[in-house]
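User: I would like to learn how to read the pockets of a protein model. Please take me through them one at a time.

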Amino acid sequence: MKPLLINGIWKETASGIPNINPSDTTDTIDVYSQAGVNETNQAILAAATAFSEWSHTSPQVRHDILSRVAREIFSRKEEIGELLSREEGKILSEGIAETTRAAQIFSFFAGEALRISGEKLASIRPGVEVDITREPVGVVGIITPWNFPIAIPAWKIAPALCYGNTVVMKPAELVPGCSWVIAEALQRAGVPAGVFNLVYGPGSIVGQAMLDNPSVDAITFTGSQATGKRVAESCVKHMRKMQLEMGGKNPLVVLDDADLDVAVDCAINGAFYSTGQRCTASSRLIVTEGIHDRFVEACVEHMNGLNVGHALHKDTQIGPVVDEVQLDQDMRYIDIAHKEGGNLRSGGDVISAATSGFFLRPTLITDTTPMMTINREEVFGPVASVIRARNYEEALDVSNDHEFGLSAGICTQSLKYASHFKRNSQAGMIMVNLPTAGVDYHVPFGGTKKSSYGSREQGSYAIEFFTQVKTSYTAP
Ligand code: NAD
């Protein structure tokens with residue numbers, strides 16, 4: 001059984017929860033210890049105790065530790081990528097790519113540790129000097145979802161440690177394996193006891209214990225909007241810093257003048273790769289009249305050729321849905337879309353394969369209207385709907401008319417429309433002739449409206465959340 005990590009000590013608990021492969025439910029990856037409120041509070045105490053020393057370490061020490069973690073993850077990317085695919089269900093190439101990205105993130109923040117700067121300004125008072133510096137926030141609670149088991153933990157842990165914070169990390173119940181790999185790599189890299197702590201368990205117990213503990217100075221959370229609200233309420237109650245990344249209902253606009261092949265590639269990749277289980281997935285395909293029928297035909301043809309199956313089989317393009325609960329949710333939304341008048345053009349059925357997994361054929365629902373449930377609520381599976389629009393202006397209006405604003409894309413060959421879309425789309429990330437999902441690791445990530453709350457993640461912008469600003473005045 002894999003233990004928790006509290007104050008630098010691996011701690012096995014009396015009982016554990018098995019980590020099951022969604023491609024083959026007879027495959028148990030490992031059993032993971034489960035924390036309760038006590039263990040979570042011990043981890044928070046350890047992080048609070050370690051903060052004073054860690055926050056004053058030389059940036060060189062933090063750089064070296066993060067670099068070692070980056071090197072270890074990169075050198076083991078095939079093995080870790082396979083673990084990721086086994087526990088989450090994305091295909092092996094995606095698992096390895098995500099692992100590589102995690103290594104790149106650690107490497108990026110290893111560099112950032114050496115680039116923490118401040119400002120010196122002239123005071124309005126003669127002879128007085130003003131210094132503006134950045135300091136770590138304290139104990140950072142990290143709560144993550146299951147869909148990017150190594151990249152999301154990496155893009156929260158690496159900047160937290162880089163800027164001198166200590167960490168208590170709680171990964172999603174379905175994907176304990178990848179966080180354990182990071183914890184082990186951090187231990188091997190020489191992170192001092194208490195600086196990084198890992199606790200497993202249900203959100204309602206372990207996550208809630210983190211929210212309830214006043215010694216947690218900041219929480220960075222990625223997950224559903226419903227949980228995000230709970231996190232926000234607790235953070236307001238404790239007056240602590242928070243950063244929330246939540247859901248999406250990302251539009252991909254396809255205009256008459258789009259290159260059809262590019263548009264179809266963007267739609268298929270954005271909607272169905274990683275089994276559509278990406279917060280940035282293109283779930284609303286908003287297509288103008290002149291290209292609509294050709295686009296739908298071409299998508300359906302492409303979808304018919306997609307190979308759905310075991311995530312580790314080499315020909316598989318689309319892996320399983322993460323678990324039975326998510327599969328039921330996907331099927332329920334497909335049913336609702338059908339009942340509300342949508343036309344099930346492709347997929348919608350569960351595939352029986354050689355192994356007992358949760359295989360859903362990528363699903364395209366056409367003839368939908370913007371206010372149908374399928375276009376209002378996040379499904380989080382390989383399900384996309386098509387909305388017909390009269391022209392660009394209507395497509396833009398429909399794309400913006402949503403409570404979420406994470407990512408939005410447009411396929412067009414017109415510079416005029418591409419430029420207008422970049423300025424007027426209300427999402428936090430805009431893609432022109434690219435899938436709505438798939439981002440670089442060194443630039444800011446985040447959305448608008450109810451998709452995100454707080455400052456941006458990733459790249460040099462991460463400093464906003466993981467540090468606080470101090471202004472010092474010195475008289476001559
Ligand atoms: P979720 O909200 O169910 O769980 C997220 C995390 O919160 C888990 O670790 C869970 O254990 C924890 N949690 C649950 N209840 C809690 C509580 N009461 N207190 C504290 N923590 C609690 O989300 P999920 O199903 O794991 O992930 C899917 C969601 O994540 C989707 O909505 C998706 O869009 C979103 N997501 C967003 C981004 C982004 O960057 N915007 C990225 C990936 C996923």
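User: Which domains supply the lining of the second largest pocket?

Analyst: A lining residue is one with an atom within 4 Å of a pocket point. In this predicted model, domain 1 (4-246 + 451-474) and domain 2 (250-432) each give at least three residues to the lining of the second largest pocket.

User: What is the volume of the second largest pocket, and which residues are closest to its centre?

Analyst: Its volume is about 350 Å³. The lining has 16 residues, and those closest to the centre are Arg 101, Phe 148, Arg 278, Gly 438 and Val 439. Helix α4 (residues 92-112) provides the largest share, five residues. Sorted by class, seven lining residues are nonpolar, four polar and five charged.

User: Where does the largest pocket lie?

Analyst: The largest pocket lies between domain 1 (4-246 + 451-474) and domain 2 (250-432), because both give residues to its lining. Its volume is about 1000 Å³. Of its 42 lining residues, Pro 145, Trp 146, Gly 223, Ser 224 and Thr 227 are the closest to the centre.

User: Which element gives the most to the lining of the largest pocket?

Analyst: Helix α8 does, with six residues. The elements that each supply at least two residues include α7 (203-212), β10 (218-222), α8 (225-238) and α11 (324-339).

User: How many residues of each class are in the lining of the largest pocket?

Analyst: There are 19 nonpolar, 14 polar and nine charged residues in that lining.

Terms used:
Residues are numbered from 1 along each chain as its sequence is written. This is a predicted model: local features need pLDDT of at least 70, side-chain atom pairs count only at pLDDT 80 or more; totals for chains, interfaces and linings use all residues. Side-chain values use heavy atoms; hydrogens and water are left out. On a 1 Å grid over the protein atoms alone, a cavity is a set of points where a 1.4 Å probe fits but cannot get out, and a pocket is an open set with protein on both sides within 12 Å along at least five of seven lines; lining residues have an atom within 4 Å of a point. Grid points are joined across faces, edges and corners, and a volume is the space filled by probe spheres set on the points. Helices (H or I, at least four residues) and strands (E, at least two) are DSSP runs, numbered from the N terminus. Ala, Val, Leu, Ile, Met, Phe, Trp, Tyr, Cys and Pro count as nonpolar, Asp, Glu, Lys and Arg as charged, and the others, Gly among them, as polar. Domain bounds come from an automatic or database domain assignment.
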